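Please examine the sequence and the structure shown below.

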Amino acid sequence: MQEWANQLCENRQFGSKMTDSKYFTTTKKGEIFELKAELNSDKKEKKKEAVKKVIASMTVGKDVSALFPDVVNCMQTDNLELKKLVYLYLMNYAKSQPDMAIMAVNTFVKDCEDPNPLIRALAVRTMGCIRVDKITEYLCEPLRKCLKDEDPYVRKTAAVCVAKLHDINAQLVEDQGFLDTLKDLISDSNPMVVANAVAALSEIAESHPNSNLLDLNPQTINKLLTALNECTEWGQIFILDCLANYTPRDDRESQSICERVTPRLSHANSAVVLSAVKVLMKFMEMLPKDLDYYGTLLKKLAPPLVTLLSAEPELQYVALRNINLIVQRRPEILKHEMKVFFVKYNDPIYVKLEKLDIMIRLASQANIAQVLAELKEYATEVDVDFVRKAVRAIGRCAIKVEQSAERCVSTLLDLIQTKVNYVVQEAIVVIKDIFRKYPNKYESVIATLCENLDSLDEPEARAAMIWIVGEYAERIDNADELLESFLEGFHDESTQVQLQLLTAIVKLFLKKPTETQELVQQVLSLATQDSDNPDLRDRGYIYWRLLSTDPVAAKEVVLAEKPLISEETDLIEPTLLEELICHIGTLASVYHKPPSAFVEGSRGVQHKRLPGSAGSADSVDSPDTASAAGVSEAPPAVIPSQGDLLGDLLNLDLTPPTATGPPPAPSSGLQMGAMDLLGGGLDSLPPIPLRTDTPQSPQFYHQSPSPPDYSPTELGGDLGGSPALGAGFGAPPAAMPASFNAPVSGGLDDLFDLGGGVGMPMGSYSPPKTVWLPAMKAKGLEISGTFARRAGVIQMEMTLTNKAMSVMTDFAIQFNRNSFGLAPAGPLQILTPLSPNQSIEAALPLSTVGPVMKMEPLTNLQVAVKNNIDVFYFSCQYPISMLFVEDGKMERQVFLATWKDIPNDNESQFQIKDCHLNSDAASNKLQGSNVFTIAKRTVEGQDMLYQSMKLTNGIWVLAELRVQTGNPNYTVSLKCRAPEVSQCVFQSYEAMLKN
Amino acid sequence: MIHSLFLINHSGDIFLEKHWKSVISRSVCDYFFEAKEKAVEPENVAPVLQTPHHYLISIYRGKLFFLSVIQTEVPPLFVIEFLHRVADTIQVNRSSSDSGGGSNVGDTLPTGQLSNVPWRRAGVKYTNNEAYFDVIEEIDAILDKSGTTVFAEIQGVIEACVRLTGMPDLTLSFMNPRLLDDVSFHPCVRFKRWEAERVLSFIPPDGNFTLMNYHVSSQNLVAIPVYVKQSISFFETGPCGRLDITIGPKQNMGKTVENMMVTIHMPKAVLSANLTATQGNYTYDITTKVLVWDIGKLNPQKLPNLRGSLSIQAGTPKPEENPSLNIDLKIQQVAISGLKVSRLDMYGEKYKPFKGVKYLTKAGKFQVRT
């Protein structure tokens with residue numbers, strides 16, 4: 001960081017210095033030529049001026065790389081300023097001119113032995129910044145010397161250089177033994193050197209989580225603590241973060257470290273303060289609570305945290321997110337500091353919301369009056385989100401502090417009187433919770449609530465109001481009228497409201513059976529017969545049966561006593577909280593998620609734990625085993641072996657993969673074989689995302705718009721070398737029932753063409769439905785279907801028709817392994833029984849993380865469908881265009897390079913006949929199916945479209961489409977590293993263009 | 001750590017980018033622009049944003065966004081602090097280049113880092129030896145409708161300007177150091193002596209620097225120098241409202257309150273203000289809906305008053321929100337917390353320096369609710 005700061009400042013300085021505008025005058029013709037002459041001038045002063053001009057041009061983005069040899073010639077000088085400028089130039093251009101950069105190596109090596117330590121340091125620093133492979137070899141010797149230099153400034157610079165080199169060539173650094181030298185530097189006599197060594201080791205350790213680089217013992221800890229007092233603020237952050245990873249042997253060691261860290265709480269740099277807080281929060285765990293020092297420490301923690309809140313808003317935000325954690329773990333620290341969290345009207349919204357959250361956490365009987373007064377104030381603010389949260393907060397206070405409940409309710413009633421729409425709605429939602437927490441206490445307010453019935457337009461508020469009416473139906477005279485008024489627009493309501501309405505009316509019926517018979521029948525029929533929402537129907541049926549079979553039981557079920565709701569909401573789960581406390585000050589603490597959940601490439605991140613308290617010292621002794629257990633646990637995989645193929649298909653009780661659970665990992669042998677076949681030496685083939693994120697992070701997985709990236713080279717590199725025919729493939733699906741291989745008759749196409757492309761206004765091409773499973777072969781069940789890609793999700797859309805005489809139920813579906821790992825992403829949603837002669841539409845979302853096996857033809861998919869009668873098998877083919885992903889647009893340059901790079905043998909050419917679109921219309925049409933046109937060229941009336949598409953497994957297909965005006969025949973040339981797919985892609989092209 | 005840095009202006013143009021390691025496409029900023037669009041006000045853009053492959057940490061200073069792109073787990077405060085330093089550097093450079101400051105490219109590399117007193121260069125020489133300290137306090141407070149203090153605290157800072165020859169060792173002591181709740185020091189201050197004796201003992205850096213920051217929290221009673229009597233009301237019927245504000249001195253330790261200014265963010269519906277001020281001038285900006293009343297010196301004999309009517313857009317409902325008043329003021333020669341420097345001693349050098357301490361109290365985030 002120090003380095004960057006220096007570097008950055010230097011750059012800035014050059015920039016502002018050069019506002020001596022003469023350097024920044026516009027480039028004239030021949031300027032380069034002029035500069036060249038000046039650079040080679042004999043006069044030192046002229047040379048220096050020339051280099052300054054060159055740097056100025058470079059800074060504003062002009063290309064002065066042509067002057068490389070001339071500038072490098074100026075490197076051998078004893079003028080420090082000139083040398084710095086030349087080094088700056090080198091850092092910028094060495095990468096684009098690696099061969100020329102070698103010319104500079106000699107001077108570097110010489111400079112590393114200069115008597116002036118500043119020059120030695122400058123040279124080694126610059127070499128580290130030049131990210132050119134060829135230079136790194138020459139860097140080793142000078143670096144080794146500099147790491148042992150007599151001057152601390154050189155050593156500290158060299159320490160950082162090791163981390164930089166490691167980033168370029170990790171193996172080299174390890175082979176050269178630099179890591180050990182770096183470890184030795186932790187015991188250096190100079191604090192700056194220690195700090196930089198720690199920083200470098202931390203950075204290296206990040207990419208090697210299990211390397212145990214920072215092996216801490218009491219001696220090194222002592223060194224670190226000594227250096228802590230003397231190094232720069234940035235160095236202190238590294239040292240403190242490093243200390244936080246240490247587990248003290250006993251409470252005495254823990255206390256002595258705490259004592260030496262507490263002065264850092266008075267540092268002006270907020271990052272230092274927060275890192276110190278982290279160390280203290282962690283080591284405090286080991287201190288006995290009755291120790292005087294424990295109390296002292298608690299007291300010392302509050303003021304610096306409060307001070308953080310008077311810093312810039314960005315710092316406040318990070319501080320508040322961390323305070324939120326601290327308050328949950330040790331509420332006593334800030335229990336008297338409620339007022340500092342009061343919101344100022346000009347705080348940024350992100351600060352306001354965080355403050356509010358912490359206020360609720362700190363609310364107690366002692367301060368509730370203050371808090372309520374504040375919250376009421378906030379409820380009249382301008383910002384809608386903030387107001388809503390404030391109103392909710394009042395409800396949370398009522399639930400948390402029983403003594404305050406009454407005041408909270410009256411405050412909420414006041415707010416309802418304001419008639420501000422969103423305030424009223426929020427208030428009603430929270431009052432529902434208050435009713436649940438304190439039954440039979442505040443029902444007197446129901447009348448006021450009912451007055452506002454008409455203004456409720458948000459589902460949550462409507463649902464809450466309906467719940468209240470149903471729950472207290474016996475006290476509301478016109479409950480039936482109120483509920484009936486909601487019933488009119490039943491089908492326009494959201495599910496939440498519909499469910500609530502159903503339950504409320506059933507409750508009403510159980511309480512006042514005589515007057516409401518009609519109403520209950522009406523809602524039951526709406527829910528069961530007219531609705532296509534399975535949840536609603538299920539609930540409707542349950543009530544219906546309950547009511548018709550045993551009204552007493554119904555009463556017991558529907559009007560049962562409800563469990564109490566918990567006092568605190570939104571509490572972080574304790575083990576997660578413990579882990580987050582160990583990560584105070586990091587991104588994890590801002591997001592309140594463990595680092596393993598979101599830091600890219602952090603598969604090996606160790607789950608940190610708080611040390612045990614003094615009483616349970618034995619558990620502290622084995623932190624390694626504990627953390628080792630947390631390291632990248634592979635998801636439990638159900639791996640059916642090859643021979644179980646049939647059993648696999650038959651066993652339909654296997655739960656389909658749900659989105660949250662780990663996907664079933666394919667058996668490795670099979671997978672390897674398939675990948676090799678498809679990819680044969682393909683360098684960019686990440687065939688199946690081998691997900692390693694553990695089930696702890698499901699929410700995150702959902703939020704991220706795209707699945708996490710895995711380095712393709714890791715997989716590709718290993719697989720590329722293995723023989724093309726993997727051991728796993730080759731075993732044919734021998735035990736397959738005959739019907740599997742029966743090709744589906746194409747002649748039925750027209751009969752079942754449901755108007756082709758219905759419901760596909762502008763999306764991707766989807767073929768018309770065809771009959772996949774004729775009724776004669778499946779005991780009366782007929783399935784026709786197609787595939788579609790909608791909003792990035794592949795769907796299998798089916799029509800199931802019951803042509804038998806009896807009802808069909810219990811549908812389930814499963815796929816055989818296939819070329820692209822297609823698998824159902826959820827269960828088949830057919831929840832109602834299928835009566836004779838009834839048809840039902842079902843859309844099954846598919847994932848591409850299933851087991852892989854190469855099929856013939858490639859896009860063949862074997863499916864098993866089960867119902868209460870039997871299991872049926874069929875096979876169908878999906879258009880490969882379903883697999884074209886949305887981000888399949890290649891960069892122009894990449895396209896060009898890839899096109900050249902793929903051998904000509906992999907190119908195949910096809911003709912598409914009788915297509916009457918012009919090139920633009922064709923391009924548009926294809927784009928809808930994620931075939932992206934990258935460039936268009938017109939040569940002699942012939943349009944050439946260059947297109948790219950990417951398959952779900954990462955295979956790129958490049959295409960050249962030639963369209964001759966007036967000629968209905970197109971020519972498509974396809975290039976792909978896996979030429980097997982070309983045929984399928986061509987077929988898709990034809991289908992896409994002609995539909 | 002920080003992978004790239006973008007400087008973005010108010011209207012969303014990237015005008016400077018710096019990449020370490022490798023170039024990250026500008027398109028990564030699109031996520032930021034999206035958030036900026038959503039936040040409406042630039043101040044409301046969340047400082048930490050998550051994108052599929054990077055984290056964006058930004059600060060907003062002087063109408064510029066400093067946006068850093070990071071890829072690995074980094075302490076965000078580290079980054080934010082760093083960005084603020086970058087912003088400082090740029091500001092300094094701006095002002096120094098404006099005033100035609102000399103070369104910024106030193107012929108020597110930083111040398112201090114290796115000595116035992118890294119913050120001070122060796123061989124400092126002055127003909128006039130002087131050490132000046134400014135004790136500056138800002139009052140952060142929220143007062144409610146009735147004028148009662150909801151919350152008040154003081155942020156203090158001691159700025160120093162020390163030009164002393166050689167290696168002077170200074171000791172600064174306070175009359176009442178126990179007032180201070182939380183302190184943070186320049187690295188030159190010996191923390192142990194503060195812990196033990198509550199005195200500031202230090203070898204100062206050369207020139208201007210911040211000696212310490214401190215915090216006097218709401219646990220102690222914070223004196224509020226002025227009182228504000230105000231009423232802003234809107235009528236249920238008819239397109240108008242009334243405003244009446246009077247300000248008077250309260251606890252100001254016998255000193256004059258200067259640079260008094262009241263700023264009010266009016267509800268959107270307020271079209272214009274027709275007011276009379278007994279002292280100072282007022283302006284109402286129709287576009288931003290900000291009413292500013294610049295009072296100047298507060299005269300205890302004749303209290304300044306601003307009153308009159310507000311007109312509201314016809315047909316709009318009565319505004320729901322209550323505008324807050326933002327107060328600005330200055331009091332010379334007083335530190336409102338009562339903090340006083342008792343003495344300044346110098347050791348290690350023989351000469352007699354000029355010494356001086358000045359006090360100043362200002363309003364920080366000082367708000368009155370209505």
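## Chain A overall

Of the 995 residues of chain A, 55% count as buried, where buried means under 20% relative accessible area, exposed over 50% and partly exposed in between (1.4 Å probe, protein chains only). This is a predicted model, in which local features need pLDDT of at least 70, side-chain atom pairs count only at pLDDT 80 or more, and totals for chains, interfaces and linings use all residues. Residues are numbered from 1 along each chain as its sequence is written, chains are lettered from A and ligands numbered from 1 in the order in which they are written, and side-chain values use heavy atoms, with hydrogens and water left out.

Chain A contains 42 helices and 13 strands; helices (H or I, at least four residues) and strands (E, at least two) are DSSP runs numbered from the N terminus. Among its contacts (heavy atoms within 4.5 Å) between residues at least 6 apart in sequence, 67% join residues at least 24 apart.

## A helix with a buried face

In chain A, helix H13 spans residues 218-228, and its buried residues are Thr220(A), Ile221(A), Leu224(A), Leu225(A), Ala227(A) and Leu228(A). Viewed down the axis of H13(A), these buried residues fall within an arc of 165°, so they line one face of the helix; the arc is that of the directions from the helix axis to the C-beta atoms. The buried residues of H13(A) pack against helices H12 (191-207), H14 (233-243) and H15 (251-261) of chain A.

## A hairpin in chain A

Strands E10 (residues 932-939) and E11 (residues 942-950) of chain A pair in the antiparallel sense over 7 bridges; two strands pair if DSSP finds at least two bridges between them. Phe932(A) has Ser948(A) in E11(A) as its bridge partner. The hairpin has 2 residues between the strands, and Glu940(A) takes a positive phi near 50° there.

## A sheet in chain B

Chain B has an open sheet of 3 strands in the order E10-E8-E20, with antiparallel pairing. Strands E10 (199-202) and E20 (341-347) of chain B stand at the edges, each with a single partner strand, so one side of each is left without a neighbour in the sheet. Strand E8 (residues 169-174) of chain B pairs with E20(B) over 6 bridges, and Ser173(B) stands opposite Arg343(B) in E20(B).

## Confidence

The mean pLDDT (the predictor's confidence in each residue, from 0 to 100) of chain B is 85, and 92% of its residues reach 70 or more. Over residues 97-114 of chain B, pLDDT stays under 50. Where pLDDT is low, the predicted coordinates should not be read in detail. For the complex, the predictor gives an ipTM of 0.79 and a pTM of 0.65.
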